[in-house]
Amino acid sequence: MFTTALVQRDKTQPGELPLDLFAAIESLKKELNAVILAHYYQEPDIQDIADFIGDSLQLAKAAEKTNADVIVFAGVHFMAETAKILNPDKLVLLPDLNAGCSLADSCPGEAFAAFKALHPDHLVVSYINCSAEIKAMSDIICTSSNAVKIVQQIPKDQPIIFAPDRNLGRYVMEQTGRDLVLWQGSCIVHETFSEKKIVQLKIAHPQAEAIAHPECESSILRHASFVGSTAALLNYCQNSPTKEFIVATEPGIIHQMQKLAPEKHFIPAPPMNNCNCNECPFMRLNTLEKLYLAMKNRTPEITMSEDIRVAALRPIQRMLEMSV
């Protein structure tokens, strides 16, 4: 199987941190000719200092087009891997090596290879929330923004494996009428929302619209007036005349929602337990301090073998071509 390496070099002690991290990061950006790409689920400080904020599709496109010499990816490892796949000659940094992804982890390479071998005539469409190893075994990559559009472009007589998210796969099946063979993976954040509590919130806020990411369980999606990717949810809130929203996705997106529609009220959908389980523990591992240290020390760096990079690049390129 292919392997991806994450390389870490020297470490700076916390006492070496500058008083003004924002100014220090801006200085390092100029020194390194670096760009900071951040996902909507990052903490507000990181979102505010990023050069580009987006969902997985937007970030993949930004990574493909950047002229920077260094890409600092404030997200999780599969996102940084995607940037490296698209930019083999650039230095790609991830602020925290442990910023993984429960969904990607739910689809180990060896098990997926065996699953794929059971369906030799199937085209493999994989959600971008997967490892480089899974991408290398795929025919087309998709995101929550374009999954429906991509599946609709595949001939109806072509059987399809959809991996790794069963909830997104189920949603795509409903939207396209296609019968997909689903890998049974899921996201710990999007499967934790409480249907009962969302119904209670809708009763308490009768003017509010519930909106949801398609990674959520179908029991949550049926209460949503709009289902879409993080970027689609953001656009919907801006353009809708509704003034109050119950948001069923990682609550980091609410920072951007409030910035772009300050007159509106956003309520994070609650999890089943009395915890912060609706926050992605992996996304939240990245901090402004770690981002600064990554840029200062040029580490942790994402590296991978050329064979996996080339194999993973093809299905990503197909996605970008089919998303035009």
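These legends cover close-up views of a predicted model.

**View 1. S102 in helix α5.** S102 sits in helix α5, which spans residues 102-105. S102 counts as buried because its relative accessibility is 15%, under the 20% limit. A polar atom of the S102 side chain lies 3.0 Å from the backbone nitrogen of I188. Beyond residues up to four places away in sequence, S102 touches S186, C187, I188 and F282.

**View 2. The cysteines C187 and C280.** A disulfide is a covalent bond between the sulfur atoms of two cysteines. The structure holds zero disulfides. For C187, the closest cysteine sulfur is in C280, 6.4 Å away, so the gap is too far for a bond. The cut-off for a disulfide is within 2.5 Å. C187 is buried, at 11% relative accessibility. C280 is buried too, with a relative accessible area of 12%.

**View 3. The annotated binding site.** An unreviewed UniProt entry places the feature "binding site" at H39, S56, Y127, I128, N129, S144, H213, P214, E215 and T230. From this set, H39, S56, Y127, N129, S144, H213, E215 and T230 belong to the lining of the largest cavity.

**View 4. H39 in strand β2.** H39 is found in strand β2, residues 34-39. H39 counts as buried at 3% relative accessibility. Leaving aside neighbours within four places in sequence, its contacts include S56, M79, T230 and M283.

**View 5. T230 in helix α12.** T230 lies in helix α12, residues 230-239. T230 is buried, with 3% relative accessibility. Not counting residues up to four places away in sequence, T230 touches H39, Y40, Y41, D55, H213, T249 and I253. Among them, H39 and H213 also carry the UniProt "binding site" annotation.

Notes: Residues numbered from 1 in each chain as written. Predicted model: local features only at pLDDT ≥ 70, side-chain atom pairs only at ≥ 80, totals over all residues. Heavy atoms only, no water. Helix = DSSP H or I, 4+ residues; strand = E, 2+ residues; numbered from the N terminus. Buried < 20%, exposed > 50% of the residue type's maximum accessible area, 1.4 Å probe, protein only. Polar contact = N/O pair within 3.5 Å; in protein donor to acceptor, adjacent residues only side chain to side chain. Contact = heavy atoms within 4.5 Å. UniProt positions renumbered as here; feature names shortened; annotations may be inferred. 1 Å grid on protein atoms, 1.4 Å probe; cavity = no way out; pocket = protein on both sides within 12 Å on 5 of 7 lines; lining within 4 Å.
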